[in-house]
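Please read the numbered points with the sequence and the 3D view at hand.

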Amino acid sequence: MPIEYVKYMASDEEIYGMLRPYVSKWFREKYKTFTPPQRMAIPLIKEGKNVLISSPTGTGKTLAVFLGLIDNMYEYYEKYGDLPNGIQVVYVSPLRALNNDMRRNLLEPIEGIIKHAKSMGIGLPRIKVAVRTSDTSPSEKQKMIKDPPHILITTPESLAIALNAPRFREKLRSAKVVVIDEIHELASSKRGSHLSLSIERLENLSGQSLIRIGLSATIAPLEEVAKFLVGYRDDGTPRDCYIIDARFTKPIDIRVLCPVVDLVHSSAEEINEAIYKKLIELIKSHRTTLIFTNTRSATERVVYKLRKLMEKENIVNVDEIEAHHSSLSRNLRLEIEEKLKQGKLRVVVSSTSLELGIDIGYIDLVVLLSSPKSVTRLLQRIGRAGHHIRQVSKGRIIVVDRDDLVECTVLAKAALARRIDKVRIPKNPLDVLAQHIVGMSLEKKWKVDEAYRLVRRSYSFHALPFNDFIKVIKYLAGYYSDYLEHMRVYSKIWYDEKEGVFGRKKKARMIYYLNIGTIPDESKAHVFTVEGRYVGDLEEEFVEYLAPGDLFVLGGRVFEYIASFGSKVVVKPADGARPTVPSWFSEMLPLSFDSALEVGRFRRILGELLATKDREEVIRYLINEYNLEQHAAENIYEYFREQYLFTAGLIPSDKLIVIEIYDELDRRNIIVHSLFGRRVNAALSRACAYILSREAGTNVRITINDNGFMLTLPEHIDLDWIKLLKELTPDNIGQILRNVLKHTEILKRRFRHCAQRSFMILRRYGERERSVHKLQLSAEGLLKIVHEIPGFPILEETYREILEDYMHIDAAKKVLEWIHSGAIELRVFGPTTTPSPFAHNIVVQGYSDIVLMEDRKKMLMKLHEEVLKRIKERIRY
């Protein structure tokens, strides 16, 4: 039965009958009745089955798990007169902050159960709970060795260190159960790959099959996440797992709000004022409101403005409004979370930090400012409201422009229809594998075949070719020393190729402890002009996107990117030029591929309606089908009608890519309306630019967004644009992108991350800690060398990470397959001296810097006027 959905839901009385009488008594008094996820999960947990529970926040899934596990421990006590020895349960959470919450949440039922048992004349021993993370003091860790807890709460990184801590490792041998909380958050990153191998190593250490329990918010596809949780047997079949799909047990109420009647002619200031007016209106009519923005900078801006406005109108005390994001200190974040739990806050504004399942108490409304960029994220964010299964999760999405309105309308409908984006789980990350091979070498001498078997039990490495495994072992064993030793890259393990055995080297333990983990160190890059004048700082993530010739805004002025060295960026002023990369680009969430296809489908349906129905019928359809306000539906109708009339019926969609030629005085812009999300468009645009640059013999500037990309040429060049796009095939795009990436910023920086993860460059060694600037310089020196080594595993991993995890090359290949099979049609529009309405946002994209917001709005209005003028001329003739 490897993977099976749970259909049976036990009744309350059946579950009370399964539990110890004192456990039942405590639960009945505290909660009265079980929730659907609890009714499905508790019987399976009592039986010791592998279970994945997917349900929204506030549906009691964590309590279901621990109630079953606590009851099993007391059942053992009743049978044998004592609690089982040593660590029984390892609970892993991605957030250190969650762990303290978790300890509190576990101690309460344990204390309550002991108290109820006592009232029934039964004396129960206390189940011990302890937290082990990087915040745990050495004395507490010592205490755990002498007196191990029954339930250990930890993070993925601390578990990996614990597996190699000689004395504590022995305490983990007794582990029977692993609980992974927030598995949806972990599965999609290298932290998840790392944890997945740690769990296989823990199972190997314990010498028995571990019971695996995964807790997840809304996610899809559940079958893949279940396989990620349980891994594979040696015969290649997935281990058994029961799936509890309770993702839609909570009622949801989602609406899209358009702050102004006319999104085109309202100024930036008017839209801004209307958004805050709407926010204040919503805050006043609710007890506690959680507002999500998409960037940290926006979070701070919204809090500042709300405090100012609400103090002026004397609505709430300014201390009742707080910001919560990952840049705040840990103590400040905990303080805000505590205030929220105690009901002391009216408003909390967050970027992404409150999406995880921190127990934040009562929230009756979630407001999203602009699109959350995926249906899954929309459901996870709105799921924070109504922190109880019988309370409605109420969410409102406030839009900022016409593209945003279309996107949010589609995502809200898809969320209500339960069409969730598919999670992307990294496959075979070789840098993570390198860390674990060093960790394994510290345990004992390993036969290569035995180690390979263990690694392939993990879902993340199940398809790992043996050849790649050996390459990583050879790299760690110093087989490339002729190339690397003069760069001070030394072996971390020894490897006897003849015997097929590897083991640890001296000093490897210190390297492993001090440099373990998958989250890269980030820092600011310092920007200087060619003459050496300091201009300001950029986020390193932003620098990743830059290519020579790119134009961006810093401090209200436009600069052209020249090059970078370590964390120093060199630019030259480009006043008056149009920026190509907006300042928020690196922070902005990309639209997911699945959600982008939904938006494309919506465009196609609306395009068909425009061809056959009148204005009133289309607007009525939008109001009824998408629950829109009248003026929001009118905004969408006018937007699509203008595009339809301007292009003589060309509405780009999931089945049609329009290649628009837009000419300016001294340049030609090729705007490709490919509605597949920014990650896929990053792959397609870079590959197209490479081919175009070769054909035209000139440099090409790239501008990308979720709805397409723009290639800008310095002159008016005529080519067969459809033929050019069709030169890209599913078979050649990978190699073209490798050629493109070879000298890019993203390769330089991602190589540093992979080199750090694989212990090629060390942030910490002995008492020494190196700055990110020095690490980047080392990585850049190494990158030149490893390009000379055929198939070098860490360089291969860097390319894999960029192509698969960042650019989503598999989705880009799917799009190319659709193009070549005729499932997607290509049409050319233009040349024209006015861009079509759907192209406006990408044309003015670089101007979305705050300083230039008003200029951007004026440009959009001017373009809109030109469109209307052209439409009138076309209708007249």
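1. Helix H30 (residues 772-786) consists of 15 residues, and the distance from its first C-alpha to its last is 20 Å, close to the 21 Å expected at 1.5 Å a residue. The model is a predicted one.

2. The buried residues of H30 are Val 772, Leu 775, Gln 776, Ser 778, Ala 779, Glu 780, Leu 782, Leu 783, Ile 785 and Val 786. Among the elements that cover them are helix H20 (481-484), helix H22 (540-544), strand S21 (557-565), helix H29 (745-757) and helix H31 (793-806).

3. After H32 comes Gly 822, which has a positive phi, near 90°.

4. Within H32, the residues Ile 809, Ala 811, Ala 812, Val 815, Leu 816 and Ile 819 are buried. Because they cover an arc of only 160° around the axis, they lie on the same side of H32. In general, an α-helix has 3.6 residues a turn, so residues three or four places apart point the same way.

5. Helix H12 (residues 268-284) packs against helix H13 (residues 296-312) at an angle of about 70°, and their axes are 11 Å apart. H12 is therefore roughly perpendicular to H13. The crossing of H12 past H13 is right-handed.

6. Which residues make the contact between H12 and H13? From H12 they are Asn 272, Tyr 276, Leu 279, Ile 280 and Ile 283; from H13 they are Arg 301, Val 302, Lys 305, Leu 306, Leu 309 and Met 310.

Methods. Residues are numbered from 1 along each chain as its sequence is written. This is a predicted model: local features need pLDDT of at least 70, side-chain atom pairs count only at pLDDT 80 or more; totals for chains, interfaces and linings use all residues. Side-chain values use heavy atoms; hydrogens and water are left out. Buried means under 20% relative accessible area, exposed over 50%, partly exposed in between (1.4 Å probe, protein chains only). Helices (H or I, at least four residues) and strands (E, at least two) are DSSP runs, numbered from the N terminus. The arc is that of the directions from the helix axis to the C-beta atoms. Axes are lines fitted to C-alpha atoms, for helices over the stretch in contact, and angles run from 0 to 180 degrees between N-to-C directions. Angles under 35 degrees count as roughly parallel, over 145 as roughly antiparallel, 65 to 115 as roughly perpendicular and the rest as oblique. A crossing is left-handed if the near helix is turned anticlockwise from the far one by less than a right angle, and right-handed if clockwise. Contact means heavy atoms within 4.5 Å. The expected span of a helix is 1.5 Å times one less than its number of residues.
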